[in-house]
Amino acid sequence: MKIKYNRVSTIQQSGDRFSVDNEKYDLVLMDKISGSVSFKDRPRGKEVVKLVEGDQVKELVVEEFSRLGRNTGDVIQTLEWLEEHQINVVVRNNGLQSRPNGKRNPIWKMISSVMSSLYEMELENIKERTAMGRMVGVAKFTRTIF
């Protein structure tokens, strides 16, 4: 089975950007949950786990590494678990595969570690910018009242 796994961070996000993918999948799953939540603790992530453990999955496709998560340790752990089950993980935005033609990609582990770390750092930057924006908003609001 070839599964497409999509994730957006909030329930307000539609995930419409994933609709440009015209590939054929046996199943498309979408989580609306923070990337900081462990893959195996997400509702659709749990479905993927059941299917993998039932030997029903050959390939898991994601748009980018950050869809798997924004916690480097969890993403690496998830990828290692998928490798143990010989699942080919495809990352569409950069054309990487963990097991092209059924054989382990020798550079996969290094690239996935680096990319996961970058996306975790990006999450920290987003949190910092959001906090600063809130502080500025509160300061402006306070000045207009008094």
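In this predicted model, α2 (72–84) and α3 (108–145) each supply at least two residues of the lining of the second largest pocket, and α2 gives the largest share of that lining, five residues. Helices here are DSSP runs of H or I with at least four residues, strands are runs of E with at least two, and both are numbered from the N terminus. The lining has 15 residues in total, with L79, E80, R104, W108 and K109 nearest the centre of the pocket. A pocket is an open set of points on a 1 Å grid over the protein atoms alone, where a 1.4 Å probe fits, with protein on both sides within 12 Å along at least five of seven lines, and lining residues have an atom within 4 Å of a point.

S98 is found in the loop between β5 (96–97) and α3, and it is buried at 2% relative accessibility, where buried means under 20% relative accessible area with a 1.4 Å probe and protein chains only. The S98 side chain reaches the backbone nitrogen of V89 at 2.8 Å.

G35, in the loop between β2 (27–32) and α1 (43–53), is also buried, with a relative accessible area of 5%. Although G35 and R70 are 35 residues apart in sequence, their C-alpha atoms are 4.9 Å apart in space.

Residues are numbered from 1 along each chain as its sequence is written. Local features need pLDDT of at least 70, side-chain atom pairs count only at pLDDT 80 or more, and totals for chains, interfaces and linings use all residues, while side-chain values use heavy atoms, leaving out hydrogens and water.

Definitions and conventions
Buried means under 20% relative accessible area, exposed over 50%, partly exposed in between (1.4 Å probe, protein chains only). A polar contact is a pair of N or O atoms within 3.5 Å; within protein, one must be able to donate a hydrogen and the other to accept it, and residues adjacent in sequence count only if both atoms are side-chain atoms.
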